[in-house]
Amino acid sequence: MQEVREWTARVTRILDKRRDPVVVQTLRSAFAATIAYVIALRLSPEKLPLTAPLTALLVVQVTLYATLTNGFRRVNAVVTGVLVAIAFSLLVGLTWWSLALLLIASLAVGRLVRVEEYVPEVAISAMLVLGVTTVGDTAWARVVETLIGAVVGLGCNLLLAPPVWVEEAGESIEGLARRLRQLMIRMGEEAAGAPPVDRTAERLHEARRLDHDIVEVDAALRQAEDSLRLNPRVREGLLHRVVLRTGLDTLEICTVVLRVLARSLTDLAKEREPEPLFETETGAALEQLLSEIADAVVSFAVLVTTHLSASAESAEERLAAELRTAAGTRDKLALLLREEAERDPGHWQLPGAVQTEVNRILDELDTEHRTRRLLEELDRVSREQRVRMPRLTRMRERLGVQEQLWRNRTGVGGRSR
């Protein structure tokens, strides 16, 4: 029985690897390069037409959107470099001074043909071609191989849909939310006592280091956004992109506010050391509130990374319940802070800042605020698309109208009774 369970677990891990975007991308790249090499063997006069698989590897990007945007510039860079190398092979051949002229000419021509970040690839392609041959006809064969690799790479991305990196981005967002939660809980525990200044300053440094985590999550999210664009495997890609982006924006704002809160607690510790930061009841209320907000932050991250409607509805209900509980604790804390400020008016601004900052986090996590922000972002992105691609927008609207007419005529997609 144990062997059966181990075998089942092994099969499950293999199937999970098959769906892993890294594995999918690796197999797609190897497949495209192999097909390009096989075709080039038949069409190119070269015995080893390696330029074709090389170009296919360069063109098959992580996402289809990156292929269509970066792939054409990259192919342009490679072809331009090959053409420059052809000219040099016919005129001067390869010497130390011709190599210097080749590099200068390649980089200059790369700027002229507007390949942007792929200007160095113009020079690289030119050096590779000039280094392997000085015969013009053979150099022209490199152009044929380059075009073969480019066509195969683009074809593979059209026929074999690239992986979608949404799950990886969702895991990054949830990881950021859990780190926020851990920091909030530690800050709440210390705020209920009399922490030394160096400990509150350490929490401030932790809050500042979260900026580096946000940069990493933003990179993962950009990759996910690109994987959703023009991907035939994805429906409602725009909605997914906007939900994830607005979710990260909210967590980033919460991170900034948490950093300000850590600074306020550090300043308060400097003023009151070695006394407690707050009175016993006030400190306990602040600890409870930060713990409740921490749980709400994680629930918010789960909500924005959940795609199934039933799961999303459950996550939204859980978030709303946690925010209601936190709001009640917030009101209790506000009364305690006011009474404490009346008894000790000398430092009223710091407890008031603490109250303001927790209010801001709760406002950012509010479900109504999230819905309003989501709709505004969807409208903004839609307007930009209509301005940037008016023909494509009109075609989509026309197709949408036709699909709706077909649904009305056939009864498909009607409301369930």
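The following questions and answers go through a predicted model of one protein chain.

Trainee: How many helices and how many strands does the protein chain have?

Mentor: The model is predicted, and its elements are numbered from the N terminus. Strands number 0 in the protein chain, and the count of helices is 15.

Trainee: What is the average pLDDT of the protein chain?

Mentor: The predictor gives each residue a confidence from 0 to 100. In this chain, 74% of the residues score at least 70. The average over the protein chain is a pLDDT of 77.

Trainee: Which element has the lowest mean pLDDT, and which the highest?

Mentor: Where pLDDT is low, the predicted coordinates should not be read in detail. Helix α1, residues 2-19, has the lowest mean, 48. At the other end, with a mean of 91, stands α11.

Trainee: How many contacts beyond near neighbours in sequence does the stretch of residues 11-18 have?

Mentor: The pLDDT of residues 11-18 is below 50. Residues 399-417 also have a pLDDT below 50, and that stretch has 4 contacts beyond near neighbours in sequence. For residues 11-18 the number in the model is 2.

Trainee: What share of the residues counts as buried?

Mentor: A residue is buried when its relative accessible area is under 20%. The protein chain has 417 residues, and the buried share is 44%.

Trainee: What share of the contacts with a separation of 6 or more comes from residues 24 or more positions apart?

Mentor: A contact here means heavy atoms within 4.5 Å. Taking the contacts in the protein chain with a separation of 6 or more, residues 24 or more positions apart account for 79%.

Trainee: How many salt bridges are there?

Mentor: Side chains of opposite charge can pair when their charged atoms come close. The cut-off used is 4 Å between a side-chain nitrogen of Lys or Arg and a carboxyl oxygen of Asp or Glu. By that rule the count is 11.

Trainee: Which residue forms a salt bridge with D295?

Mentor: The closest N and O atoms of the pair are 2.9 Å apart. D295 is in helix α11 (residues 280-304) and its partner is in helix α8 (residues 166-191), 114 residues apart. The partner is R181.

Trainee: Are R203 and E190 buried or exposed?

Mentor: R203 and E190 form a salt bridge, with the closest N and O atoms 2.8 Å apart. This pair links helix α9 (residues 197-228), which holds R203, to helix α8, which holds E190. The relative accessibility of R203 is 12%, and that of E190 is 12%, so each counts as buried.

Trainee: Which helices hold R245 and D218?

Mentor: The side chains of R245 and D218 meet in a salt bridge of 2.7 Å, N to O. Both residues are buried. The pair ties together parts that are 27 residues apart in sequence, because R245 lies in helix α10 (residues 237-272) and D218 in helix α9.

Trainee: Which residues does D213 touch, not counting residues up to four places away in sequence?

Mentor: D213 is found in helix α9. Its relative accessible area is 17%, so D213 is buried. The residues that D213 touches under that count are L176 and R179.

Trainee: Which helix supplies the largest share of the nonpolar patch?

Mentor: The patch on the surface is formed by F31, I35, I39, L43, V144, L158, L159 and L160, with about 740 Å² of accessible area together. Both α2 (21-43) and α7 (136-159) supply at least two residues each. L160 lies in the loop between α7 and α8 and is partly exposed, with a relative accessible area of 37%. The largest share, 4 residues, comes from α2.

Trainee: How many disulfides are there?

Mentor: A disulfide is a covalent bond between the sulfur atoms of two cysteines. C156 is buried at a relative accessible area of 7%, and C254 is buried at 0%. With a cut-off of 2.5 Å between cysteine sulfur atoms, the count of disulfides is 0.

Note on methods: Residues numbered from 1 in each chain as written. Predicted model: local features only at pLDDT ≥ 70, side-chain atom pairs only at ≥ 80, totals over all residues. Heavy atoms only, no water. Buried < 20%, exposed > 50% of the residue type's maximum accessible area, 1.4 Å probe, protein only. Patch = residues over 30% accessible without salt bridge, like charges linked within 9 Å, V, L, I, M, F, W, Y side chains within 5 Å. Areas by Shrake-Rupley, 256 points an atom, 1.4 Å probe, with all protein chains shown as cover.
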